[in-house]
Amino acid sequence: MAGSPQIVRTVPDLRARVAAWRAAGETVAMVPTMGALHAGHLSLVKLGLERASHVVASIFVNPAQFAPHEDFDAYPRGEGRDAALLGEAGCALIFAPGVAQMYPPGFATRVAVDGVSGPLEGEKRPQFFGGVATVVAKLLIQCGPDVALFGEKDYQQLLVIKRMARDLDLPTEIIGGPTVREADGLAMSSRNAYLSVEERKTAALVPVVMAQAVERLRAGVAAEAVEAEAIARLEAAGFGPVDYVQAHDGETMERLGPGPVGAGARLFVAAWLGKTRLIDNWAV
Ligand code: AMP
């Protein structure tokens with residue numbers, strides 16, 4: 001059902017809309033985002049519509065998940081464009097709170113998820129998963145959706161949110177959606193807008209290098225060797241630093257290798273290209 005979604009900015013307004021749907025016996029899906037929407041986000045709206053009567057998308061650039069040196073101020077914002085795209089995708093309601101609505105003066109609570117949040121992004125961005133878990137817990141409590149959709153593009157984040165929802169007994173089913181890619185295989189990301197034309201061409205090497213690395217892992221080559229080769233190829237093409245290319249278990253996030261990896265492995269990459277940090281992951 002296309003049309004311009006209503007935008008609400010306060011928790012009481014959000015709850016009033018959801019309560020009206022509930023009173024009519026309807027179900028609700030939520031898609032949390034930071035805006036600057038692309039086809040990856042919209043695929044989650046579509047999945048949500050397959051699972052519930054209505055989709056609520058949130059747009060909130062969450063300061064709690066950015067370190068002081070990171071790109072919070074530069075992060076792309078454009079509510080009008082986002083609202084139009086969400087409307088076309090069939091989203092009924094946008095929750096776009098201000099920072100003071102989410103973190104009023106005196107705010108003092110933080111949700112910390114151990115275990116799956118430890119390696120990779122947890123090591124490279126120590127503030128990140130605490131900020132994500134806190135804001136997603138708040139959004140799910142504020143909205144109370146039946147299901148919430150998150151992208152496998154941020155695979156470790158998806159595991160952290162699943163763990164958090166289970167551990168806190170949140171009555172929302174957490175569902176992952178497949179990574180949506182550009183024609184050349186680059187994972188769609190709001191941060192791709194930072195890439196220069198030259199960098200954008202180079203970025204297409206990430207899926208190429210990773211697909212070949214996954215093939216080598218499937219063929220039984222030792223993870224240590226595959227990871228080192230992939231890092232060397234990315235560095236030779238101008239990426240740097242490569243934060244990691246690492247195989248981890250796709251459920252526990254336990255580090256795999258140095259030998260061959262078995263079923264259930266995933267290969268994760270994070271690499272800088274100029275001022276842009278690209279992340280992606282593949283099932284092995
Ligand atoms: P973000 O706005 O970057 O916080 O992302 C909001 C949601 O969209 C998260 O659940 C992401 O994992 C998901 N997402 C981002 N990029 C993609 C993509 N290329 N394909 C599928 N989901 C994505």
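Good morning, colleagues. The residues of the shell around the ligand comprise eight nonpolar, seven polar and two charged ones. Please bear in mind throughout that this is a predicted model.

I shall stay with the ligand for a moment. There are 17 residues around the ligand, and those that come nearest are His41, Gly151, Asp154, Val180 and Met188. Where in the fold does the shell come from? At least two of its residues are supplied by each of β2 (28-33), α2 (39-51) and β5 (147-151). The largest share belongs to α2, with three residues.

Let me turn to individual atoms. Gly151, already named among the nearest residues, has a backbone N or O atom 2.9 Å from an oxygen atom of the ligand. A polar backbone atom of Met34 likewise lies 2.9 Å from an oxygen atom of the ligand. For Val180, a polar backbone atom is 2.8 Å from a nitrogen atom of the ligand. As for exposure, the ligand taken alone exposes 490 Å², and the protein buries 92% of that area.

I now move to the overall organisation. The protein is divided into two parts: domain 1 spans 6-177 and domain 2 spans 190-283. The C-alpha centres of these domains lie 26 Å apart. How many residues of each domain are in contact with the other? Domain 1 contributes 21 residues and domain 2 contributes 17.

The size of an interface is often expressed as the accessible area lost when the parts come together. Here, domain 1 and domain 2 bury about 1700 Å² between them. Of that buried area, 54% is on carbon and sulfur atoms.

Thank you for your attention.

How values were computed: Residues are numbered from 1 along each chain as its sequence is written. This is a predicted model: local features need pLDDT of at least 70, side-chain atom pairs count only at pLDDT 80 or more; totals for chains, interfaces and linings use all residues. Side-chain values use heavy atoms; hydrogens and water are left out. A residue is near a molecule or strand if one of its heavy atoms lies within 4 Å of it. A polar contact is a pair of N or O atoms within 3.5 Å; within protein, one must be able to donate a hydrogen and the other to accept it, and residues adjacent in sequence count only if both atoms are side-chain atoms. Accessible areas come from the Shrake-Rupley method with a 1.4 Å probe; for residues, only the protein chains shown count as cover. Helices (H or I, at least four residues) and strands (E, at least two) are DSSP runs, numbered from the N terminus. Ala, Val, Leu, Ile, Met, Phe, Trp, Tyr, Cys and Pro count as nonpolar, Asp, Glu, Lys and Arg as charged, and the others, Gly among them, as polar. Domain bounds come from an automatic or database domain assignment. Contact means heavy atoms within 4.5 Å. Buried area is the accessible area (1.4 Å probe) that two parts lose on being put together, summed over both.
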